[in-house]
Structure formats: structure tokens, C-alpha cells
Amino acid sequence: MPYRRCGRSGVLLPEISLGLWHNFGSGDDPAACRAMIAESLELGICHFDLADNYGPPPGSAEQRFGELLAQDFGAHRDEMFISTKAGHLMWPGPYGDWGSRKHLLAGLDQSLRRMKLDYVDVFYSHRPDPETPIEETVGALVQAVRSGKALYAGLSKYPPELFHRACDLLAEEKVPCLIHQYRYNLLDRSCETGMLPATEQRQIGSIVFSPLAQGMLTGKYLGGLLPADSRAQRADSPFLTVERVAGDAARVARLAELAAEAGISLTQLALRWLLSKPAVTSVLIGARNVRQLRDCAAAAGQEALPDDLLAAIENSPRPEMSAHLRIQGERVSTRVSERAYQDTAKNIRTRQKTQGGRDPAYLEACGAARATASGESSGEMSVCPGQPAPEERNREIDAIRRKRSGGLE
């Protein structure tokens with residue numbers, strides 16, 4: 001596994017890293033999760049990316065990872081580079097969401113308890129908060145590093161103007177931003193007009209998520225097929241819908257043709273194309289089993305894609321290039337000013353309040369994750385006193401998430 005330097009730091013990250021967003025929850029097979037960690041280490045994939053709200057339900061990915069780490073992989077902790085994030089909805093009340101110092105530092109403490117760790121290697125602000133001063137959010141990252149609970153600070157899904165401001169503030173505190181995490185794939189190239197050049201200009205590491213467009217760039221949906229076990233068919237996948245698969249079908253079909261002409265799989269084409277970008281430090285995959293993990297890892301260390309293939313990709317149907325973020329399900333351009341971004345998000349939050357605030361069932365599920373982190377649970381991964389069974393609660397959360405498509409996507 002080749003490693004790339006993360007910006008100007010001393011950190012080296014593998015070209016392929018493993019993300020635990022929707023593949024380490026309470027509904028996933030514990031044996032498969034353990035096998036993926038073991039195989040990752042064998043392959044040289046040492047970076048494991050988490051967040052407090054990963055699961056589902058929220059918190060369960062960190063808890064499962066922590067249990068496996070304690071049971072089987074504790075001796076390898078110093079060989080691992082572990083990240084987590086806070087900033088999405090996790091518990092009821094005014095401090096259970098967004099980017100206040102109170103929320104971020106409480107979220108980090110809960111994450112450490114769930115993972116049974118003394119520190120994480122990177123702690124991210126998971127998304128910008130339009131109502132909290134950026135100085136406060138950055139101050140929380142600085143405090144996390146200075147307290148020893150995180151070795152480095154990172155940013156996730158920040159639009160360029162806010163990214164630059166946050167980086168300046170972190171630099172003033174002598175706690176430089178190590179890395180920025182954002183979406184990038186052959187079907188979503190919006191970062192090419194914003195975050196990609198911004199991180200390159202700053203000489204800050206970039207780790208890109210959704211490299212296979214949640215499975216659309218694996219070929220599993222070619223010809224309109226929707227396998228029963230695919231993410232588009234899962235109730236807990238609000239961001240990949242049947243409609244989205246259909247909308248990108250023509251672009252995916254053309255890319256699959258190019259991959260076949262080159263004698264490689266569509267997965268390999270998508271990953272190797274990303275790794276051809278000098279500004280990309282690592283590509284974050286969301287493999288669900290060892291076979292998928294190996295297929296993705298095989299893209300690392302390969303020779304560059306030929307120029308004629310790269311040219312054909314550029315000449316193929318292109319996705320819309322209007323950079324955007326998604327706040328509570330609404331698209332917001334990342335090329336707008338910081339004030340416009342904040343105004344849009346504030347309008348959404350005001351509408352939430354007038355409509356009765358956040359869904360109480362979702363808050364209850366997030367409260368279960370917090371109870372687990374604080375040691376109030378019964379000891380089982382997904383069951384807390386007064387909570388429904390895991391399968392029932394997952395179905396409730398799935399329905400709520402599909403309805404609200406919550407958070408910055």
C-alpha cells in the first residue's frame with residue numbers, strides 16, 4: 001500500500017482508507033466488521049475514519065469499532081490512524097447539534113468513551129455551523145488538540161471561504177488544519193471549482209469520500225438493475241435513491257464502456273482516476289465486506305491511467321458543475337459568500353423551529369447513543385433502558401432520515 005504525505009505535516013496516509021459510515025452499525029455482521037479491520041491492516045490500510053453519528057443508529061459504529069479494538073486489535077493501536085467527527089445531531093436540547101464548543105467537546109468525550117480510546121489521531125468539525133462564530137468552533141478544535149484528546153484538527157464539508165477563514169484561525173493558534181474531507185467522484189466533480197484548489201493552495205491534505213458514488217460506480221446498477229442487497233434498496237440510505245440511480249444511468253453507462261475498453265473494472269477506473277489527482281491524499285471507501293475491500297485496495301499503487309483514457313473521460317457526459325452543499329436536504333452553492341451561506345442555513349433552521357423542531361423519535365434514538373457513551377446502557381450495543389429493540393429502532397430512524405435527509409450531506 002503506497003502512502004502519501006498529508007499536506008505539509010509528518011502524517012502519511014494510505015492511498016485507500018476505510019470509512020465506517022454505513023457499514024459498521026448495529027445491523028451489520030460483527031464477524032464481517034472484524035474481518036474488514038483485520039484485512040485492512042494486512043493490506044496496509046491503517047486509516048479508519050469514523051464520526052459520532054455513524055451507524056446506524058448514531059454512535060453504533062464507534063461502539064462496535066471500540067469493542068473490536070479492545071478485543072482483538074488493541075496491540076495495533078499505534079499502527080492505526082483513527083479519526084472521528086462531531087457536528088451533526090446526536091442528542092436532544094440546544095447542545096446536541098452543530099458547532100458550539102459545548103457540543104464539539106462533549107461529542108469528542110462521548111466518542112472516546114464509545115471507542116475506549118484515550119485520544120483520536122484527528123478530530124474534525126463535521127460541518128460548518130451558520131449560527132456559531134467560526135472562532136468558537138475553531139477554538140473547540142484547538143482545545144481538543146491541546147488537551148491531548150486529539151493529535152490533529154480537521155475540517156469536513158466546509159465551503160471554500162469558511163475553510164480559508166478556519167485555516168487562518170487554526171494557524172494563529174499554532175494548531176494547523178491537517179486535512180479537509182469532502183465528496184469527490186466521477187459523478188460529482190463540484191469540488192474542482194472550490195475545495196480541491198483551496199486545499200492545494202493551502203498545502204493541506206485532502207481525503208475524499210463517496211468515491212464510488214455510493215455504489216453507482218461499481219457497475220451494480222448498470223441497465224437499471226437494483227440488487228436486493230444494494231445501498232439504493234436499503235432503508236437507511238437516504239442519499240442514494242432509485243431516482244438518483246436513474247438520473248445518472250447514462251453517465252455511468254458511458255464510464256463503464258470506457259473502463260471495459262481499457263480492460264479494467266468500473267470500480268478501478270473510478271478509484272484510479274481520483275488517485276491520479278495530485279491534490280488527493282487519500283480516497284475513503286465504504287466497503288461492506290472483505291471482497292469489496294480487496295477490490296478497492298487493488299487500485300492503490302497502479303500506474304497512471306493513459307492519457308487517451310483520461311481525455312475520453314473528460315469528453316464523456318459531465319455532471320452538473322454547480323458546487324453545492326446540502327443543509328437539511330436543501331442545496332446551497334459553495335461559491336456563494338459566507339453571509340449568503342449563513343443566511344440560507346438560518347432560514348432552514350427557522351423553518352424547522354416553526355414546524356415544531358426536530359423529530360422527537362430521531363432525538364430519542366440519538367439519546368440512546370449518548371446513553372451508551374455515558375455508560376447508562378444495558379451493556380448491549382444497541383439497547384438502552386426504555387429503548388425499542390435494535391431492529392425496531394433502526395426502522396424508525398430509517399424512516400425519519402428518509403423524510404428529513406438530515407444534516408449537511
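This is a predicted model: local features need pLDDT of at least 70, side-chain atom pairs count only at pLDDT 80 or more; totals for chains, interfaces and linings use all residues.
A residue counts as buried under 20% relative accessible area, as exposed over 50%, and as partly exposed in between. The side chain of R251 meets that of D248 in a salt bridge, with 2.2 Å from N to O.

Another of them joins D121 to R77, with the closest N and O atoms 3.1 Å apart. Here the bridge ties together distant parts of the chain, as D121 sits in strand β6 (residues 120-125) and R77 in the loop between α2 (60-73) and β5 (81-86), 44 residues apart. Both D121 and R77 are buried.

Next up is E314, which pairs with R189 at 3.0 Å between the closest N and O atoms. This one also links distant stretches: E314 is in helix α11 (residues 307-315), while R189 lies in the loop between β8 (177-183) and α6 (195-202), 125 residues away. E314 has a relative accessible area of 33%, so it is partly exposed, whereas R189, at 3%, counts as buried. The two also belong to a salt-bridge network with E192.

Finally, have a look at S210, in the loop between β9 (205-209) and α7 (242-247). With 12% relative accessibility, S210 counts as buried. What does S210 contact, leaving aside its neighbours within four places in sequence? The answer is R183, Y184, N185 and L284.

How values were computed:
Residues are numbered from 1 along each chain as its sequence is written. Side-chain values use heavy atoms; hydrogens and water are left out. Helices (H or I, at least four residues) and strands (E, at least two) are DSSP runs, numbered from the N terminus. Buried means under 20% relative accessible area, exposed over 50%, partly exposed in between (1.4 Å probe, protein chains only). Contact means heavy atoms within 4.5 Å. A salt bridge is a side-chain nitrogen of Lys or Arg within 4 Å of a carboxyl oxygen of Asp or Glu.
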